[in-house]
Every structure is written in structure tokens, then in C-alpha cells.
Amino acid sequence: MLTRIKAIAKKEVRQLKRDKRMLYVLFVFPILLLVIFGYAINFDVHHIKLVVYDQDKSFDSRSFINTLTSSDYFDLVGYINNENKIKNILDTKKAQCVIVFPKDMSKDLYSRKNVDVQILIDGVDANTASIIVSYMNIATASYSQKFQSKVFAAMGRKSYIPIDVRPAFWFNPDLNSTFFLIPGLIAMILIITAVVSISLSIVREKERGTIEQINVSPLSSFELLIGKTIPYIIISLIIAAFILIAGYILFGITIKGNIILLFFSTLLFIFASLNLGIFVSSIANTQQVAFQIATLVSMLPSVLLSGFVFPIESMPPVVQFFTNITPAKFFLIILRGILLKGVGISAFWQQLVYLLVFSVLLLGIASIINKKSKVA
Amino acid sequence: MNSIEVNKLTKKFGSFTAVNGISFNVKEGEIFGFLGANGAGKSTAIRMLCGILEPTSGDALVGGFSVMKQPDKVKTRIGYMSQKFSLYNDLTVEENINFFGGVYGLYNNKLKERKKWVLKVANLEGKESLLTASLPGGIKQRLALSIAVIHEPKIVFLDEPTGGVDPISRRNFWDLINDLSQSGVTVFVTTHYLDEAEFCNSITLINAGNIIASGSSKELKRKYLTNTILEVECEKVVDALDILSKEKWVDETSIFGNYIHVSVKNEDEGRRMINKVLKDDNSINILRIDKIVPTLEDVFIYLLEKDRK
């Protein structure tokens with residue numbers, strides 16, 4: 001049995017070495033995805049273009065603007081002197097945000113009157129708009145506070161803050177969305193390469209008729225599948241290591257948790273993905289069909305349903321139920337746990353069990369379908 | 001001693017019966033020709049005998065094992081080569097040998113010894129590192145056959161092994177089959193080429209899932225062709241064929257290249273009548289009429305026609 005499995009595994013590696021197209025899918029494609037997703041998809045809002053309509057032109061209005069532009073959240077792109085220009089500026093996207101200081105702002109401030117500062121935001125991108133609002137709120141609050149203590153001090157009194165909110169973001173202190181995305185990216189890349197590579201490798205044998213020669217040999221389908229799976233497990237592990245190293249170099253991702261735990265859960269996820277690929281190969285008869293089904297079942301769910309980009313908690317209940325079809329969802333929880341939080345197995349043993357059940361289930365279905373198609 | 005014993009073997013696909021309760025025996029060491037048109041049930045039968053297709057009913061003993069109950073045991077006893085070239089084109093000659101050797105559980109010295117043998121038989125000594133895709137068809141076929149028997153099975157199934165191969169390679173290939181048979185291997189072969197069937201010790205003809213004749217080439221000719229076959233060379237071959245096939249005294253007509261084969265009960269009577277209907281009634285020029293030794297092709301056309309009626 002070992003001789004036979006070894007023969008299959010060796011053959012698979014040799015064929016792979018001569019298959020330029022597959023080597024490209026396995027080794028170039030992951031880097032491409034990593035770079036594209038890592039750099040292009042970024043939910044952080046920086047460098048918001050700001051235009052100022054300053055009717056006061058006082059020290060205080062300028063110092064308020066300075067507070068905003070001293071961080072890299074806001075870039076001052078210009079001043080206007082006419083209310084009618086605001087619409088045009090937002091329409092043409094010259095600015096995402098316009099701030100309007102009223103006349104006599106400085107005077108009112110010192111006479112302890114309330115001052116209304118108007119902020120106009122381009123609300124087309126709702127997500128960015130709400131982030132701008134919260135930035136503005138924080139900036140305004142801190143400016144008001146500073147101003148208040150200055151006024152109190154001038155009056156010879158000490159100011160105090162009743163409740164001081166000081167948020168601290170654990171696991172991702174800078175709220176860097178790349179950190180949040182990389183684990184999902186690893187899961188996605190691994191599942192795509194695993195499903196595509198093994199399904200094509202099996203379907204190719206069907207297409208070329210070489211499976212016939214294997215069917216008449218004493219080789220059992222279990223031996224065939226194990227022999228075919230082993231090389232791809234090793235290759236997928238190499239790809240995973242590769243992405244982690246690239247993630248560290250390009251984006252500064254480090255592994256906070258146990259690396260051995262990471263290794264074994266990745267192994268289990270790869271195994272689940274390969275079984276998904278074996279399932280695909282059992283329902284496809286040509287490489288073209290197999291490739292299409294493989295990308296469909298691996299890419300779409302791992303992007304849309306895994307929680308990689310869109311949080312599962314905010315999906316409607318029905319969709320939430322369907323997120324369970326992709327093992328990427330579960331691996332993602334494990335990966336974020338190990339990479340970002342450094343948690344141990346007690347935090348995600350359920351996910352590991354799910355991956356195991358998923359693998360066995362798919363392998364079972366695939367071998368039933370295979371047996372049937374052999375008879376026909 | 002029989003190495004294959006087939007007993008009422010049947011395969012149904014839904015309501016379609018591909019193989020309809022066939023029974024026959026194959027003696028040890030003989031070359032057994034299994035003949036039939038496309039779709040006659042040849043491949044279905046061979047797949048059942050190899051243990052990759054489960055029979056609907058009936059059974060067969062292949063190398064002493066039941067294809068119904070012990071298909072896995074059957075698989076270790078047989079070699080198989082299909083009509084499609086089923087080696088890996090993207091592996092080298094040696095890698096193919098290593099792979100199939102490994103699949104049949106050969107390793108170390110045994111594998112080395114058999115590898116040498118395969119390379120010698122396929123005339124590929126010193127060309128181990130050539131990609132299989134780059135080999136000419138005839139050589140590929142020899143390589144496929146020698147790899148099919150790498151584990152020294154006592155029975156080998158060849159499913160249309162010479163499809164798409166040139167005549168000289170075909171002849172060489174049959175020499176190889178003869179060598180195998182001489183060394184005691186039972187060869188079960190299907191083919192389209194009736195000249196190849198003449199090389200078989202025993203022939204069985206299958207049509208629409210039923211066996212319609214079996215025996216040696218000589219026996220079949222003697223048994224089924226009591227008629228005389230006259231070969232007619234004439235002008236307007238197509239018209240002549242049409243005219244002759246409508247005559248009552250003609251049993252069979254068929255076209256062989258530019259000639260017409262006419263099957264008649266009596267040679268002299270036949271010659272006279274052919275001259276009469278073609279030359280006298282229809283003024284078609286006859287160049288020659290010869291009595292010929294019937295070929296297997298004549299036998300099969302006769303048998304298939306009879307079966308159709």
C-alpha cells in the first residue's frame with residue numbers, strides 16, 4: 001500500500017513540475033492576490049480632503065483648522081469665500097468635507113456664547129462619511145475642552161472633566177484594517193489554490209483516459225486520493241508559510257500565538273479545502289468545468305461569506321446560516337485568534353471540530369459519487 | 001485449463017441491455033479474439049471481465065476469481081491496455097514505468113529487472129528520459145502493452161490495441177502478442193481489423209449484446225460459408241451491386257475496394273447468371289470473375305446480415 005501511495009505522490013509531483021500553468025496558479029497567483037488585496041483594499045480613512053469657508057478669519061478659526069490638519073486624517077486643499085461654491089466643491093469631489101466658521105466666531109467664543117460650526121460632508125460613501133463625522137466630533141470635543149480650560153484658567157479656576165473616555169484598541173491598536181484582512185486573505189488564497197489544483201489534477205486523468213488504467217489496477221480510490229493529496233498538502237503549507245513571511249515583510253503582521261497550533265490548524269484547513277476539491281472533481285468531467293466550479297465554490301464564499309470583508313454579524317439571519325458552507329469562515333476565526341490575539345486552542349476548538357466534520361463529510365460524498373460514476 | 005470462464009454475463013443500463021447473458025471460455029495461453037461492431041457490447045464485456053464494471057447478473061471467473069464477488073482479486077491477476085493510449089504523456093518513459101511498477105507494488109530489484117525487460121521489449125533502451133508524448137504511435141503502443149504486463153499477469157486484456165497505428169507497427173505489435181501467448185499468457189483482444197482476427201486461436205463474434213458465432217478462423221469459414229464467393233470486377237460498380245443484390249439467386253453481395261463479392265450456391269450457375277444480368281441485360285462490361293477463398297470479413301458480413309434478419 002505504501003509503495004502504491006508513494007508511486008502516485010511521486011508521479012503527481014513530476015507532472016506538476018512540467019505543468020507551467022499550474023505552477024503559475026500555485027506560486028504567482030497567491031503573491032498577486034496578497035499584493036492586490038493587501039494594498040488596494042483598505043478601509044482606513046486617511047487624508048480627507050478638506051475645504052474651509054472661514055467668515056471669521058481669526059486666530060481661533062485658524063488654530064481650529066491647525067488641530068485638524070496636524071494629523072494625517074485631514075488635508076487642507078483650499079479656502080473659499082462664498083457660500084455658493086460649497087455645492088460645486090462637493091459635487092466635483094474637490095473635497096469630501098467643507099467646514100464653515102460663522103462670522104464673529106472668536107468674539108462669541110470669548111463672550112461665552114455657543115458657537116455653531118457647520119460641517120458639510122459628501123455622504124455618497126456612507127462608511128467614509130460616518131468616519132469623517134466621528135473624527136470631526138473627536139477633534140471638536142478636544143478643541144472645546146482645551147478652549148474651556150484656557151478660559152477657566154484666565155478666570156483663575158481649575159477645570160475638570162467629569163467622565164474621561166479613553167478608548168484602547170486591543171489586538172490591533174492602530175485599527176489597521178490590513179491586519180484584519182490578512183488572515184482572511186490567507187484563508188482565501190489557500191482554499192482557492194487547494195481546490196483548483198487537486199480538482200484539476202483528478203479531472204485531467206478522467207479527461208485523458210488515464211484514470212481507466214488506474215481503475216483496472218489494484219489501486220483503491222482511497223490510495224489514489226491519499227497519494228494525490230499528500231503533494232498538495234505540502235505545497236499548500238509552503239504557500240501558507242510564504243504568505244505569512246510576505247505578510248510580515250509587506251504589512252508587518254506577526255504571529256502572536258502558538259506557531260505549532262497555527263501549523264496544525266492550517267493543516268486541517270488545507271485538508272478540508274482539498275476534500276472540497278475532490279468533491280468538485282467528482283462532479284466535473286472536463287478540466288474547464290472543474291476550473292469553473294472550483295473557483296466558484298472556493299473564491300466566492302471565501303470572499304463574501306467568510307467574514308473576510310463583510311462582518312457576518314451584520315448579515316441577515318438566512319445569509320448567516322449559509323456562511324457555514326465555507327470552511328474559510330471557521331479558519332478565519334482561528335487565524336485571527338492566533339495571529340492577532342495570540343489565543344489558545346480553548347478559544348477555537350469548535351472551529352477545528354467543524355473543519356474535521358466538513359472534511360470527512362465531503363470526502364464521503366465524493367467517494368459515493370465516484371463509485372456511482374464508475375458503474376455507469 | 002480455462003483461464004477465463006464466462007457464465008451468462010449480463011449488463012443492463014436502464015432498459016438497454018448492452019451485454020445479454022453471454023457465456024464462453026478462454027483457454028490458458030491462447031489468443032482470444034473478441035470481435036464486433038462499435039456498440040456491440042465489446043467494451044462493456046471487457047470492463048466487466050476486468051472488474052471495473054459490476055455485472056447486472058451472471059458471473060465470470062477470471063484467473064480463478066469471480067468478477068462479481070472478488071473484483072479486487074481479479075485486478076491483481078490481469079493486465080489491461082485500452083484503445084486510448086493510457087500512459088502519461090507528460091511523464092518520461094522511465095517515470096511511466098516507475099509509476100505503473102509502483103502501482104502494481106514492484107520495488108527495488110524486481111522493479112529494476114522488469115524495467116529492463118519493458119525497455120527491451122519496447123525498443124526504448126537508452127531512451128528512458130524521453131517524454132512519452134514525443135514517441136511515435138507504434139512505439140507508444142508497444143510501451144503501453146509491455147507496461148500493462150509489467151507485473152507479469154497470466155491474463156492480459158487488450159481493448160482495440162492497434163487503433164490508429166500504421167500497418168507495419170501493427171504487424172510488429174502482433175509479434176509481441178504472439179510472444180506473450182507463447183510464454184503462457186492468455187491474451188484477450190478486441191479489434192476492428194479482421195486481418196488481425198486471423199492471428200487469433202479462437203474468435204468470438206458479438207452483435208447487439210449476443211454472441212452470434214465462435215470458433216477458430218478456419219472453423220468459422222467452413223461452418224458458415226458453404227457458398228461460393230465470386231469476385232467480380234466490372235464497370236459501374238455501384239449500379240452493378242444494386243442490380244446483383246436484387247437477384248434471387250444471389251445470397252449476399254458486398255463491396256471490397258473496387259470489386260464486388262457475390263455469394264452464390266453454385267459456381268458455374270453463378271458465373272452464367274452474373275454475365276447474363278450485367279452484360280446482356282444491363283450492358284455493364286465485366287472485366288473478370290474469379291472464385292476466391294473467403295476471408296473472415298465475408299464470414300462476418302454473412303453472419304451480421306443473418307443476425308439482422
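This briefing describes the contact between chains A and B, two sheets of chain B with the helices packed on them, two helix pairs of chain B and one helix of chain A. The model is predicted. Chain B contains an open sheet in the strand order β12-β13-β11-β14 and an open sheet in the order β2-β1-β4-β5, and the pairing is antiparallel in the former as it is in the latter.

**Contact between the chains**
- The contact draws 19 residues from chain A and 21 residues from chain B.
- On the side of chain B that touches chain A, α2 (71-77) and α3 (93-103) of chain B each supply at least two residues, and α3(B) gives the most, with four residues.
- By class, that side of chain B is made up of ten nonpolar, six charged and five polar residues.

**Sheet β12-β13-β11-β14 of chain B**
- This open sheet has four strands, and its edges are formed by β12 (250-256) and β14 (286-292) of chain B, each of which pairs on one side only.
- Neighbouring strands are turned against each other by 25° on average, with direction ignored.
- Strand β11 (residues 228-234) of chain B pairs with β14(B) over six bridges in the antiparallel sense, and Leu230(B) has Lys291(B) in β14(B) as its bridge partner.
- Helix α9 (residues 237-245) of chain B packs on the sheet, where this helix touches β11, β12 and β13 (259-264) of chain B and has a direction at about 165° to that of β12(B).
- Helix α10 (residues 267-281) of chain B also packs on the sheet, touching β11, β13 and β14 of chain B, and its direction makes about 30° with that of β11(B).

**Sheet β2-β1-β4-β5 of chain B**
- This open sheet is likewise built from four strands; β2 (16-27) and β5 (65-66) of chain B stand at its edges with a single partner strand each, so one side of each has no neighbour in the sheet.
- Strand β4 (residues 57-62) of chain B and β5(B) are paired in the antiparallel sense over two bridges, with Leu61(B) opposite Ser66(B) in β5(B).
- Helix α1 (residues 42-49) of chain B packs on this sheet, touching β1 (2-13), β2 and β4 of chain B, and its direction makes about 120° with that of β1(B).

**Helix pairs in chain B**
- The axes of helix α5 (residues 137-148) of chain B and helix α6 (residues 167-182) of chain B come within 9 Å and cross at roughly 15°, and the two helices are therefore roughly parallel to each other, with a right-handed crossing.
- In this pair, Gly137(B), Gly138(B), Gln141(B), Arg142(B) and Leu145(B) of α5(B) meet Ser169(B), Asn172(B), Phe173(B) and Leu176(B) of α6(B), a contact with five polar, three nonpolar and one charged residues.
- Helix α8 (residues 217-224) of chain B and helix α11 (residues 296-308) of chain B have axes that come within 10 Å and cross at roughly 50°, which makes α8(B) oblique to α11(B), and their crossing is left-handed.
- Here Ser217(B), Leu220(B), Lys221(B) and Tyr224(B) of α8(B) are in contact with Leu296(B), Val299(B), Tyr302(B) and Leu303(B) of α11(B), and the residues of this contact divide into six nonpolar, one polar and one charged.

**A helix of chain A**
- Helix α9 (residues 221-251) of chain A has 31 residues and reaches 43 Å from its first C-alpha to its last, which is close to the 45 Å expected at 1.5 Å a residue.
- After α9(A) comes Gly252(A), which has a positive phi near 75°.

Technical notes. Residues numbered from 1 in each chain as written. Chains lettered and ligands numbered in written order. Predicted model: local features only at pLDDT ≥ 70, side-chain atom pairs only at ≥ 80, totals over all residues. Contact = placed C-beta atoms within 7 Å. Nonpolar A, V, L, I, M, F, W, Y, C, P; charged D, E, K, R; others polar. Axes fitted to C-alpha atoms, helices over the stretch in contact; angles between N-to-C directions. Parallel < 35°, antiparallel > 145°, perpendicular 65-115°, else oblique. Left-handed = near helix turned anticlockwise from the far one by under 90°. Expected span 1.5 Å × (residues − 1). Pairing = 2+ DSSP bridges.
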